[in-house]
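Subject: Structure handover

Hello,

Here is the structure for your files. My notes on what was found follow below.

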Amino acid sequence: MTFIADILPAASTMAALSTAAAVTSAGLGVAGAQQAANAQRMQARVQQGQSQQQNFAADQETLRGFQQSLALREQLSRVLAAQNARYAGAGLTLEGTPETVADAAKTVAERELALNNANTIIRREQLKTGANLLASQADATGKGADFTSWTGSIGAGINLFDNLDRQAARRAGQTINVNVQQGN
């Protein structure tokens, strides 16, 4: 003969195991969401570091352009000094043709300086724009990490309650068949 008391411990054990599985699944869901969020946070830190490197490169570009401008000015000074020395050695004054030649040299040097400055500004701004883009990506990735963590935890909680609700519904509608045999 089978009695209800014989069936209840088995049903109770199954319910406990089912509940434990649901809780474990929810815990793993939260842990997975946290792991994904941590990976996104690390990616955000990498992007922020890349942004800083781009800013350093932009600063270096500014210094490089300044050094090139100084070198051009020094070269112009040497050219003008050499011209003046040749003119003075030949007994000429800086009037007429020698003055025109010196002015032409200055004009060419000023154009080169302006071009160098413009190119330096363009390269620096390109690097700064790249740095700003990386900083924005880092910010978005960090916010994505928070969202991943939040939604993963919410999803795991919903999954847990859904599983528990299904278990409760099964138990509420569960029928237990008991075969009772009567002895002769």
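In which helix is the place of Asp162? Asp162 sits in helix α2. Please keep in mind throughout that this is a predicted model.

First, the overall layout. The protein chain contains two helices and zero strands. Helix α1 covers residues 4-89, and helix α2 covers residues 97-172. Of the 184 residues in the protein chain, 20% are buried. The accessible surface of the protein chain is about 12,600 Å², and carbon and sulfur atoms account for 59% of that surface. If you take the contacts between residues at least 6 apart in sequence, 91% of them join residues at least 24 apart.

Back to Asp162. Its relative accessible area is 35%, which lies between the 20% and 50% cut-offs, so Asp162 counts as partly exposed. From Asp162 to Ala22 the C-alpha to C-alpha distance is 9.0 Å, although the two are 140 residues apart in sequence.

Next, the core. Five residues make up the largest nonpolar core: Leu76, Leu80, Ala102, Ala105 and Ala109. Leaving aside residues up to four places away in sequence, Leu76 touches Ala105, Lys106 and Ala109.

Ser69 is also worth a look. This residue belongs to helix α1. Its relative accessibility is 3%, and because buried means under 20%, Ser69 counts as buried. The side chain of Ser69 makes a polar contact of 3.0 Å with the side chain of Asn117. With residues up to four places away in sequence again left out, Ser69 touches Leu113, Asn116 and Asn117.

Last, the surface. Which residues form a nonpolar patch there? They are Phe147, Trp150, Ile154 and Ile158, and together they have about 470 Å² of accessible area. Phe147 lies in helix α2. Is Phe147 buried or exposed? The relative accessibility of Phe147 is 52%, and the cut-off for exposed is over 50%, so Phe147 counts as exposed.

In short, the items to find when you open the file are the core that includes Leu76 and Ala105, the polar contact between the side chains of Ser69 and Asn117, and the nonpolar surface patch that includes Phe147 and Trp150.

Regards

Technical notes. Residues numbered from 1 in each chain as written. Predicted model: local features only at pLDDT ≥ 70, side-chain atom pairs only at ≥ 80, totals over all residues. Heavy atoms only, no water. Patch = residues over 30% accessible without salt bridge, like charges linked within 9 Å, V, L, I, M, F, W, Y side chains within 5 Å. Areas by Shrake-Rupley, 256 points an atom, 1.4 Å probe, with all protein chains shown as cover. Salt bridge = Lys/Arg side-chain N within 4 Å of Asp/Glu carboxyl O. Helix = DSSP H or I, 4+ residues; strand = E, 2+ residues; numbered from the N terminus. Buried < 20%, exposed > 50% of the residue type's maximum accessible area, 1.4 Å probe, protein only. Core = buried A, V, L, I, M, F, W, Y, C linked by side-chain atoms within 4.5 Å. Contact = heavy atoms within 4.5 Å. Polar contact = N/O pair within 3.5 Å; in protein donor to acceptor, adjacent residues only side chain to side chain.
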